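Hello,

Here is the structure for your files. My notes follow it.

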Amino acid sequence: MGFEWYEEFVKEGYIPSDNELIAVFKVKPAEGQTLKDAAGRIASESSVGTWTTLSTLTPKAREIMAKAYYLSKDGLVKVAYPIELFELGSIPQLFSSVLGNIFGMKAIDKLRVLDIRFPEKYVRSFKGPSHGIKGVREKLKVYKRPVLATVPKPKVGMTPEEYGKAAYEILAGGMDLVKDDENLTSLPFCKFEDRAKAVMKAIDKAEKETGERKGWLANITAETNEMIKRLKLVADYGNGFIMVDILTTGFAALQTIRNLAEDYGLAIHAHRAFHAAFTRLSEHGVTFYLIAKIARLAGVDHIHIGTNVGKMETDLKELRATEEVITKEEFEPGDDITKVRQKWYGLKPVFPVASGGLHPGVLPELIDFMGSDIIIQVGGGVTGHPDGPMAGGKAVRQALEAYYSGTPLEEYAMTHKELRKAMEKWGKIRPE
Ligand code: CAP
Ligand code: MG
């Protein structure tokens, strides 16, 4: 129509410069709309445009218009964005532009943001992880095998004393970290500071008994000023880690916390609760792969990415790519046209966390697929052991001993009671 100018945002064949941000979309136009109509709207609405032509259009606005430069017949659209469209160092503004209004446009029936290539200038405007994989391994003095964590279950419902007792048993049994669950923050029957006191006592006792370094993934998730208070309290107690539910706190809060955590020498464990609300549907939303890349920019040290054997829905190809893109210095998409090459310009790697429905019987398959440079969280698979959490921790360590000595679990279980009892209860089931 005469008042529209969306087609000015479509420049097929345009070759983006290295300094532009490139977004990859999967687009299903609404009834009566073409892919070109939809692509023009995406590039317009996520950069400088609106639904009608403007007499107020400035030369600068025209200069930084985004360009939909690649449209494929099966609905793949790539858009190039001049870097001046973005506030360097600000993740909220990235969401407000490329991950904002476009999801709600009538002309687009379904939209999924598959990947974003962040150019060098943008990547370098973030500090990234303060510890990275090496720094976390150094904190725990665990260098070769996966780092092990357990959430005391029930996920919520224990008093600080009960929680402290569970934490001691888990750590004395052999786990390196005790992790608060995603919805355990500061509750009437388990206030954050009371839990901190109980867990630190447990850590102290377990370290003395095992001679191993132990830690607490302290879930500080709350309003930002409260998170700052809890972060400082955790550091005062001498713990080396905090945990943040990064999608429920939001990236603005995470960026604040990230900088303070570095000042206090704390590594950040990122829990991704809420992600599946917008990552799971294959036709609409955002890939978790992209969320994980953004989390690396934001500077988390660990992030849950799914598993090949657990209870959470996981696409194996995506799992592999996600693990690679958060750990490698340079990601090459190979023949995967839905992803773009990404360099990290020295940003530290993020520890992949495998979690959800894990128990000793599935650990060999897990490590075969994800490798050893991971954090393995085993919640119910430790605290649900027939002989209790300490035996559960021992069973996990025995499963790893078996794996790294090349001994089948069943054989190792014959001479290791805790592993045998775990195998009797769960075998090698993959929980759903
Ligand atoms: C796992 C868990 C984690 C999930 C999150 C839970 O407990 O503590 O939050 O792993 O999923 O609450 O379910 P279990 P993801 O070990 O007892 O299953 O890791 O996919 O983000
Ligand atoms: Mg949990």
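An oxygen atom of ligand 1 lies 2.7 Å from a side-chain N or O atom of Lys311, a polar contact (a pair of N or O atoms within 3.5 Å). Ser355 has a polar side-chain atom 2.6 Å from a ligand 1 oxygen. For Lys153 the corresponding distance is 3.1 Å. The protein covers 93% of the 490 Å² of accessible area that ligand 1 has on its own (Shrake-Rupley, 1.4 Å probe).

This is a predicted model: local features need pLDDT of at least 70, side-chain atom pairs need 80 or more, and totals for chains, interfaces and linings use all residues. Residues are numbered from 1 along each chain as written, chains are lettered from A and ligands numbered from 1 in written order, and side-chain values use heavy atoms, without hydrogens or water.

The shell of ligand 1 holds 16 residues (a heavy atom within 4 Å). His304, Lys311, Ser355, Gly357 and Gly380 come nearest. By class, 2 are nonpolar, 8 polar and 6 charged, with Gly counted as polar.

Ligand 2 is a magnesium ion. Its protein donors (N, O or S within 2.8 Å; 3.2 Å for Na, K and Ca) are Asp181 (OD) and Glu182 (OE), at 1.8 to 2.0 Å. Water is not among the atoms, so the site may look incomplete. Both residues are buried (under 20% relative accessible area, 1.4 Å probe, protein chains only).

Strand S4 (residues 108-117; a DSSP E run of at least two) has 8 of its 10 residues buried, so the rest of the structure largely encloses it. S4 pairs (at least two DSSP bridges) with S1 (residues 21-29), antiparallel, over 8 bridges. There, Val24 partners Asp115. S4 also pairs with S10 (residues 285-286), parallel, over 2 bridges. Arg112 stands opposite Gly285.

Best wishes

Technical notes
Buried < 20%, exposed > 50% of the residue type's maximum accessible area, 1.4 Å probe, protein only. Polar contact = N/O pair within 3.5 Å; in protein donor to acceptor, adjacent residues only side chain to side chain. Helix = DSSP H or I, 4+ residues; strand = E, 2+ residues; numbered from the N terminus.
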